[in-house]
Amino acid sequence: MTHLVTESKMWGSLSETGVAVADLERLLAIITEIPSTFTANATIKKILSERMAACSKGEILDWATMESLAFASLGQEGYRVRLSGQDVERGTFSHRHALLNDQR
């Protein structure tokens, strides 16, 4: 597990954060899975496939993938994460889409 220890200037205490690599790999498999009964947009399907392939090859993951994993790990720990703005579902930055629409 990779840990990051930071000192909170606001409260003057240390916080230890981190997520086990195995947990990140499991979360990535979940957030990149497209059900067989779902027709995803071709661009989004390619992005999700490339994310999983990069992980399988041991490559460095891009910013958007790590951002998605951060949200997923917070959700796994019981924290609510609220995303807003057009990039969540549609928009300029398709790599940040957190909601998928069936294209059928």
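Predicted model: local features only at pLDDT ≥ 70, side-chain atom pairs only at ≥ 80, totals over all residues.
Residues are numbered from 1 along each chain as its sequence is written, and side-chain values use heavy atoms, with hydrogens and water left out.

**View 1. The chain and its elements.** The chain holds three helices and two strands, where helices (H or I, at least four residues) and strands (E, at least two) are DSSP runs numbered from the N terminus. Read from the N terminus, the order of elements is β-β-α-α-α. Of the 104 residues, 20% count as buried, a term that means under 20% relative accessible area, with exposed meaning over 50% and partly exposed in between (1.4 Å probe, protein chains only).

View 2. Helix H2 covers residues 42-56, and Ile44, Ile47, Leu48, Arg51 and Ala54 are its buried residues. These five cover an arc of only 125 degrees around the axis, which puts them on the same side of H2; the arc is that of the directions from the helix axis to the C-beta atoms. An α-helix has 3.6 residues a turn, so residues three or four places apart point the same way. On the other side of H2, Ala42, Lys45, Lys46 and Ser56 are exposed. The cover over the buried residues of H2 includes helix H1 (21-31) and helix H3 (63-76).

**View 3. The ends of helix H2.** At the N-terminal end, asparagine 41 caps H2, with a side-chain oxygen 2.8 Å from the backbone nitrogen of threonine 43. After H2 comes glycine 58, whose phi is positive, near 75 degrees.

**View 4. Leucine 27 in helix H1.** Leucine 27 lies in helix H1 and, at 6% relative accessibility, counts as buried. Leaving aside neighbours within four places in sequence, leucine 27 is in contact (heavy atoms within 4.5 Å) with Leu69, Ala72, Ser73 and Gln76. From leucine 27 to serine 68 the separation is 41 residues in sequence and 9.3 Å in space, C-alpha to C-alpha.

Notes:
Expected span 1.5 Å × (residues − 1). Polar contact = N/O pair within 3.5 Å; in protein donor to acceptor, adjacent residues only side chain to side chain.
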